[in-house]
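Please keep the sequence and the structure in view while reading.

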Amino acid sequence: MESCIISSPLGFTKIEGDVNGITSIIVLNSEEKPTDIIPEVLEDCTIQLNEYFNGTRKQFSLKLNPKGTDFQQNVWNELINIPYGKTTSYLELAKQLGDVKAIRAVANANGKNPLWIVVPCHRVIGSDGSLTGYAGGLHRKQWLLNHESPFKQQTLF
């Protein structure tokens with residue numbers, strides 16, 4: 001398994017993967033030194049993440065290999081279908097997966113998503129439009145939603 005650390009507007013990001021695909025992308029809550037030489041199997045991921053943060057990429061095209069249960073995999077696959085700049089609720093996600101009663105399990109699987117940003121769990125919000133739990137912190141979730149919004153907030157000054 002190869003790994004690297006890159007700098008992003010939201011903090012240092014650790015990427016792990018191998019020839020079978022990217023297994024983990026997580027934002028770190030500590031100061032880290034970015035990796036000097038990116039392993040070849042992770043280069044495309046780092047490029048695409050930088051393009052996303054620069055506003056030139058809206059969809060990722062990466063070979064993914066996250067580890068999780070069949071149910072978690074189904075939830076994560078559904079998350080990939082949420083378009084850039086759009087949101088859905090945990091309830092809607094549970095309905096799309098065919099079991100409205102599975103809302104808590106869907107929320108739990110969403111919270112265990114190992115592929116930060118690429119599998120866009122930040123696009124899932126509460127049914128009332130509220131920002132709900134986010135492993136990377138609600139301030140990062142808000143930043144990502146603002147970053148993807150077609151309506152950019154203007155400054156008054």
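Does Arg123 count as buried or exposed? At 5% relative accessibility, Arg123 counts as buried, where buried means under 20% relative accessible area, exposed means over 50%, and partly exposed lies in between, with a 1.4 Å probe and protein chains only. The model is predicted, and local features therefore need pLDDT of at least 70, side-chain atom pairs count only at pLDDT 80 or more, and totals for chains, interfaces and linings use all residues. Residues are numbered from 1 along each chain as its sequence is written, and side-chain values use heavy atoms, with hydrogens and water left out.

**Around Arg123**

Arg123 sits in the loop between α4 and β5 (124-125); helices (H or I, at least four residues) and strands (E, at least two) are DSSP runs, numbered from the N terminus. The side chain of Arg123 reaches the backbone oxygen of Ile82 at 2.7 Å, and a polar contact of 2.7 Å joins the side chain of Arg123 to that of Glu148. A polar contact is a pair of N or O atoms within 3.5 Å; within protein, one must be able to donate a hydrogen and the other to accept it, and residues adjacent in sequence count only if both atoms are side-chain atoms.

The loop between α4 and β5 also holds Ile117, which is not a glycine and yet has a positive phi of about 70°. Most residues other than glycine have a negative phi.

**The nonpolar core**

The largest nonpolar core has 33 residues, and among those that touch the most other members are Ile15, Trp116 and Leu144. Such a core is a set of buried Ala, Val, Leu, Ile, Met, Phe, Trp, Tyr and Cys residues joined through side-chain atoms within 4.5 Å. Domain 1 (2-54) and domain 2 (70-148) both give residues to this core, so it lies between them; the domain bounds come from an automatic or database domain assignment.

**Two cysteines**

Leaving out residues up to four places away in sequence, Ile15 touches several residues, including Cys4 and Cys45, where contact means heavy atoms within 4.5 Å.

| Residue | Relative accessible area |
|---|---|
| Cys4 | 1% |
| Cys45 | 1% |

The sulfur of Cys4 is 7.3 Å from the closest cysteine sulfur, in Cys45, which is too far for a bond, because a disulfide is a pair of cysteine sulfur atoms within 2.5 Å. By this rule, the count comes to 0 disulfides.
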